Amino acid sequence: MRTLMARATGDEKHEESSTSTLDALWVLYDRILRVDPADPEAEDRDRFLLSKGHGPVAFYAILAAKGFFPEAWLDAFMEHGGRLGSHPDRTLVPGVEASTGSLGHGLAMGVGVALALRAKGLLEQRVVVLCGDAELNEGSNWEAVLLAPHLGLGNLTLIVIDNHSSTPSMASWTERLGSFGWRTQVVDGHDHEALEAAFIVRDERVPAAVVADIPEGEW
Amino acid sequence: MDMRAAFGRTAAGLVYEDPRVALVLAEISVSAYFEETIARHPERTVNIGIMEQTMVGVAAGFAMEGFYPIAHSLSPFMSERPYEQLKLDFGYQGLGGTFVGSGGSYDYAAEGATHHAAADATLMLAIPGMEVLVPGHGSEVEALLRATYANDRPTYMRTSMAVNAHGFEVAPGRSEVLRRGASGTLVAFGPMLSRTLEACEGLDVNVLYSTSLRPFDATALASVVDHGTPVITIEPFYEGTAAMVVTEVLAHLPVRFASVGVPRAFIHGYGTWSDLDADVGLDAASVRRRISDAIYPNARNGSAS
């Protein structure tokens, strides 16, 4: 996977915002999400929204590895004529559900998708939204954090990649999110077994938050 | 007919009629119009509380899943507070949705400028692809909402307390030529029509009525404009808002252009919307004076009437 990421960036020194998401995204796409690269808009798929948008190279590498688009697309990362930008565009990339990059948009959209799935009777499907710890400084997130438990959205999971990138540290996220009514867990952000076990947890009426901890200085 | 009530009745009706409609509300208008709708269709009618950014984001989530979302609040909280969500979640992502702002430019006059939104149409026009509708009567709210809610494009509808004496058969992208004349062309938008007709009594002018800023009916305007005579827009929002769409039509014509609208200044005062109309020069008498000044700019005392 890191080789694919290097193909996009041209070296193996990837920015922290991308490498910190790699393990969580791999576990999601390899073990959790029911998605079909041959039919990326299948009605019965699970939905994943990369809310933070930043550092999407790991996301792109995984989508390419799983067959959503040719690996050759990675060669034109951020280049004129390429489809893979520094923030993903849903109109250009198969498998990308939301065009993100401005922080604090994905969770509200995820709440809407979760409501829509419920309205359509798609009760087995789930919505997973990934935010960064610094992204949670944006106030719009906290509207949606307040709302999701009220709506009983058990089909919604928020992953917080806590790589301690926010200069003013305002964690603990599990305490904050728990106080808003989310079922919270904190796991080692590089531990695949722990991530899988955390992502599987699903309550019928309570949204789940998984804080994937990436110790400061570690990518 | 009251526009906000017309919106409430029509939006509720659409929830009942079309299972693809999702109504996302942020407290505003819930108790007046939507309690029964929420009780009957809680899966597609959601009052999320006072969080307008999330209202638009949630609406986008519904749109991503193939629903036709309708969101609504007072004009400043529908157009300004969640502006980036409108721009990105809908505009950039290419999703369709309907956003209905109530309160015109300063309908809630007694609340002060925190509740004014004379820039709403300007801001919405600045989002590529956002359609902007300006009904002038409750019946037009219903017609325009029904015509656009399922068109898979983002649409902002501006409703106001000011209404015209009569509703017209309106459609998005269509203007009506109501009068023909030789001295100039007036384009009245939405609720400005009745006072424009009153103001131009005795003047030899074309009068167009438009409820659609984008798409704008270029054909109708081009069909009546004469070389050398002025085109004057009568606008319920900041003056010059419609210039963006009207001047495109006039690019090849030697005409003067003027706008009669809300002056670009904060209002520090209270009363009713009609009190403020008089203060800012948008009552019928002021509109007549401003139209005359634009048609006859060299007339003594700035007026030919």
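This is a predicted model: local features need pLDDT of at least 70, side-chain atom pairs count only at pLDDT 80 or more; totals for chains, interfaces and linings use all residues.
## Chain A at a glance

Let's start with chain A, which has seven helices and five strands. Reading from the N terminus, its elements come in the order α-α-β-α-α-β-α-β-α-β-α-β. The radius of gyration is 16 Å, close to the 17 Å that the globule rule gives for 219 residues, so chain A is as compact as a globular protein of that length.

Taken along the principal axes, the C-alpha atoms of chain A fill a box of roughly 45 × 40 × 30 Å. Of its 219 residues, 50% count as buried. If you look at contacts between residues at least 6 apart in sequence, 75% of those in chain A join residues at least 24 apart.

## Chain B at a glance

Chain B has twelve helices and twelve strands. Its radius of gyration, 19 Å, is close to the 19 Å from the globule rule for 305 residues, so chain B too is as compact as a globular protein of that length. The C-alpha trace of chain B spans about 65 × 40 × 30 Å along its principal axes.

As for burial, 56% of the 305 residues of chain B count as buried. Among the chain B contacts with a separation of 6 or more, 72% come from residues 24 or more positions apart.

## Where the chains touch

The contact between the chains draws 22 residues from chain A and 23 residues from chain B. On the chain A side, the elements that give two or more residues are α4 and α5 (139-150). Helix α4(A) gives the most, with eleven residues. By class, the side of chain A that touches chain B has ten nonpolar, seven polar and five charged residues.

## A helix pair across the interface

What does α4(A) pack against in chain B, and at what angle? Its partner is helix α3 (residues 52-64) of chain B: α4 (residues 106-119) of chain A packs with it at an angle of about 45°, and the axes are 6 Å apart. The two helices are therefore oblique to each other. The crossing of α4(A) with α3(B) is right-handed.

To find the contact on screen, pick out A108(A), M109(A), G110(A), V111(A), G112(A), V113(A), L115(A) and A116(A) in α4(A); they meet residues of α3(B) that include Q53(B), T54(B), G57(B), V58(B) and F62(B).

## An enclosed helix in chain B

Is helix α5 (residues 83-92) of chain B largely enclosed or left open? Seven of its ten residues are buried, so α5(B) is largely enclosed by the rest of the structure. The buried ones are Q85(B), L86(B), K87(B), L88(B), D89(B), F90(B) and Y92(B).

Those buried residues pack against α3, β4 (97-102) and β6 (154-159) of chain B, and also against α4 of chain A. Just past the end of α5(B), G94(B) takes a positive phi of about 70°.

## A helix pair inside chain B

Within chain B, helix α1 (residues 3-17) packs with helix α7 (residues 138-148) at an angle of about 35°, their axes being 8 Å apart. Here again α1(B) passes α7(B) in a right-handed crossing.

From α1(B), the contact uses M3(B), A5(B), A6(B), F7(B), T10(B) and A11(B), while α7(B) brings G138(B), V141(B), E142(B), L145(B) and R146(B). Sorted by class, the contact of α1(B) with α7(B) has seven nonpolar, two polar and two charged residues.

## Backbone details in the loops

Most residues other than glycine have a negative phi, and most peptide bonds are trans.

H164(A) has a positive phi of about 55° although it is not a glycine. You'll find H164(A) in the loop between β3 (156-162) and α6 (173-179) of chain A, and it is partly exposed, with 17 other C-beta atoms within 10 Å. In chain B, E27(B) has a positive phi near 75° and is likewise not a glycine. E27(B) lies in the loop between β1 (21-25) and α2 (30-40) and is partly exposed, with 15 other C-beta atoms within 10 Å.

The peptide bond from R214(B) to P215(B) is cis, with omega near 5°. P215(B) sits in the loop between β10 (212-214) and α9 of chain B.

Methods:
Residues are numbered from 1 along each chain as its sequence is written. Chains are lettered from A and ligands numbered from 1 in the order in which they are written. Axes are lines fitted to C-alpha atoms, for helices over the stretch in contact, and angles run from 0 to 180 degrees between N-to-C directions. Helices (H or I, at least four residues) and strands (E, at least two) are DSSP runs, numbered from the N terminus. Angles under 35 degrees count as roughly parallel, over 145 as roughly antiparallel, 65 to 115 as roughly perpendicular and the rest as oblique. A crossing is left-handed if the near helix is turned anticlockwise from the far one by less than a right angle, and right-handed if clockwise. Two residues are in contact if their C-beta atoms, placed from the backbone, lie within 7 Å. Ala, Val, Leu, Ile, Met, Phe, Trp, Tyr, Cys and Pro count as nonpolar, Asp, Glu, Lys and Arg as charged, and the others, Gly among them, as polar. The radius of gyration is taken over C-alpha atoms; the globule rule is 2.2 Å times the number of residues to the power 0.38. A residue is buried if 20 or more other C-beta atoms lie within 10 Å of its own, exposed if 12 or fewer, and partly exposed in between; C-beta atoms are placed from the backbone.
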